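Dear colleague,

Please find the structure below, handed over for your records. My notes on what was found in it follow directly after.

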Amino acid sequence: MDATQAAPRDMTKRHHIVTRIWHWLNAVVATILLMSGLMIFNAHPQLYWGAFGSREDYAWLQIDDTRTTGFVRVGSAGVETTGVLGLSLDSTGDVRRVAFPGWATIPSYYSLAAARRWHLAFAWLFAFGLTVFMLGSLLNGHIYKDLHVRRSEWSLGAIWKDIQNHARLRFDHMHGTYNLLQKLSYIGVIFVVLPTMILTGITMSPAMNAAWPWLLDLFGGRQSARSLHFIAATLMTLFVVVHLIMVLLSGPIKGVRAMVTGRHITASGPDQVGERP
Amino acid sequence: MTDGRKFLRRRDVLRGATLGSGALILSGCDALNENATFRSALRRVDGLNQATHRALMDRAALAPEFALSDISPVFKTNGSVTATSAEYLGHLQSNFADWRLRVDGMVANPLVLGLDALRAMPARTQITRHDCVEGWSAIAQWQGTPLRLLLQQARVSNRAKYIVFHCADNYGALPYYESIDLVDAYHPQTILAWGMNGESLPVKYGAPIRLRVERQLGYKQAKYIMRIEATDDLSKFYGGKGGYWEDVGDYEWYAGI
């Protein structure tokens with residue numbers, strides 16, 4: 001017997017099992033990758049464009065310290081970030097001259113070897129998880145039914161209305177279909193940002209450069225790939241922040257329950273906001 | 001330092017309040033990081049990475065090579081910038097005239113070669129990228145003797161699995177050394193470089209010879225090589241993990257990522 005048939009009428013199937021498993025797996029794996037990645041960045045807190053780049057060359061991004069202050073420099077623009085980036089205090093109150101502070105990294109203390117071990121192990125789960133999710137979502141119709149932007153949705157009026165609704169904190173997130181902004185951000189993350197993370201990561205491997213040299217051409221050299229890896233990680237983090245804000249604003253208990261059980265109660269309730277599609 | 005601490009303390013109080021839960025997760029990760037079972041599970045992935053790389057490419061697949069115009073204006077130095085033993089300094093003074101490279105261990109025909117004899121052998125010139133485990137890269141032209149020519153001449157035993165490079169430099173208190181497997185040892189781009197950017201290899205980059213094993217990271221590129229030894233067991237050398245940074249810094253022996 002189909003589970004959806006057994007459910008009461010006011011319960012609709014919201015998230016496929018593939019989506020739910022991947023979502024929670026990824027929540028853990030991506031967090032570990034981000035935090036161990038920040039530790040790896042601390043080993044050389046500069047980014048470059050092109051094939052090479054070291055302390056001898058111009059870096060477009062630098063997160064560093066002047067011994068008494070921390071700063072972030074992007075191009076020729078610098079901003080002081082003492083206490084958070086470049087120079088901060090550890091849990092015992094000692095000054096640490098590292099790009100990202102201990103509370104943001106795995107491990108919390110400086111260990112490039114340990115961070116690499118975490119990062120390179122969990123990267124496998126990340127890559128396999130995304131691949132299985134993509135294939136599963138193709139087969140179970142998630143991509144076609146939920147993410148595919150239909151021709152009728154591509155209108156400036158609809159996009160403008162979506163922006164207005166979001167600005168008024170009116171979301172129709174929970175009513176069975178995604179709105180256009182939501183679809184575009186999911187598509188962007190699933191099909192652009194996350195694959196870019198994986199491919200730029202592989203591009204930094206000198207052995208993989210021998211196996212798949214086309215990756216270097218695709219991203220413009222190893223140091224460009226390292227920069228893009230960092231930028232994609234930033235975009236992924238921004239997505240998660242916005243995602244969490246949206247979940248909080250549109251009914252966190254309902255949202256989390258739907259992502260755990262796969263079902264969502266559609267009966268009108270006090271927390272139902274926004275228009276029905 | 002104390003001024004910095006006073007300045008930071010106010011911010012720290014504010015931050016501490018908001019990050020209590022984060023700290024809990026972090027201390028969990030640190031605890032996991034210290035857990036022997038978890039560490040060995042993560043460590044096993046290193047073998048998976050090497051096996052995957054070897055499965056994905058031909059054993060002779062070449063690392064990318066670059067044009068003269070791609071060479072880094074300044075090639076960053078790292079690790080030791082000279083060896084300090086009396087023996088090495090003596091060789092340096094006589095411009096390595098009496099320096100001899102030994103090739104021994106599990107070989108049928110041990111070799112003792114001077115720098116001129118090495119330079120007289122067929123050489124390979126390659127412009128390649130050097131990638132430090134920290135994340136930076138520099139490009140240089142290297143000229144040297146393919147390692148495989150020496151190994152063929154020395155007739156490495158069928159039972160040998162690794163080639164160990166003994167170096168003249170100490171890094172900290174311990175002697176530097178490295179090792180690679182035979183796939184990398186016989187790779188066409190694996191050379192004992194005695195030339196860099198058209199000159200004799202400078203001291204700070206490893207004179208008289210250094211290893212170039214182009215599909216791995218910087219810490220594998222041993223400098224100041226004095227002796228090359230074929231073996232079937234890395235555990236009997238120094239700290240037992242096959243290299244200085246593997247022993248001291250806990251880095252992975254396979255450095256293809």
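Gly144(B) stands opposite Ala193(B), a residue of S7(B). The model is predicted, with local features requiring pLDDT of at least 70 and side-chain atom pairs counted only at pLDDT 80 or more, while totals for chains, interfaces and linings use all residues. Residues are numbered from 1 along each chain as its sequence is written, and chains are lettered from A and ligands numbered from 1 in the order in which they are written.

Strand S7 (residues 191-196) of chain B pairs with strand S4 (residues 137-146) in the antiparallel sense, over five bridges. Strands here are DSSP runs of E of at least two residues, helices are runs of H or I of at least four, and both are numbered from the N terminus; two strands pair if DSSP finds at least two bridges between them. S7(B) is also joined by three antiparallel bridges to strand S9 (residues 210-212) of chain B, where Arg210(B) is the bridge partner of Ala193(B).

With strand S8 (residues 199-200) of chain B, S7(B) pairs in the antiparallel sense over two bridges, and Met196(B) has Glu199(B) as its bridge partner there. These two strands, S7(B) and S8(B), form a hairpin with two residues between them, and Asn197(B) in the turn has a positive phi of about 50°.

Five of the six residues of S7(B) are buried, meaning that 20 or more other C-beta atoms, placed from the backbone, lie within 10 Å of a residue's own.

Yours sincerely

Conventions. A residue is buried if 20 or more other C-beta atoms lie within 10 Å of its own, exposed if 12 or fewer, and partly exposed in between; C-beta atoms are placed from the backbone.
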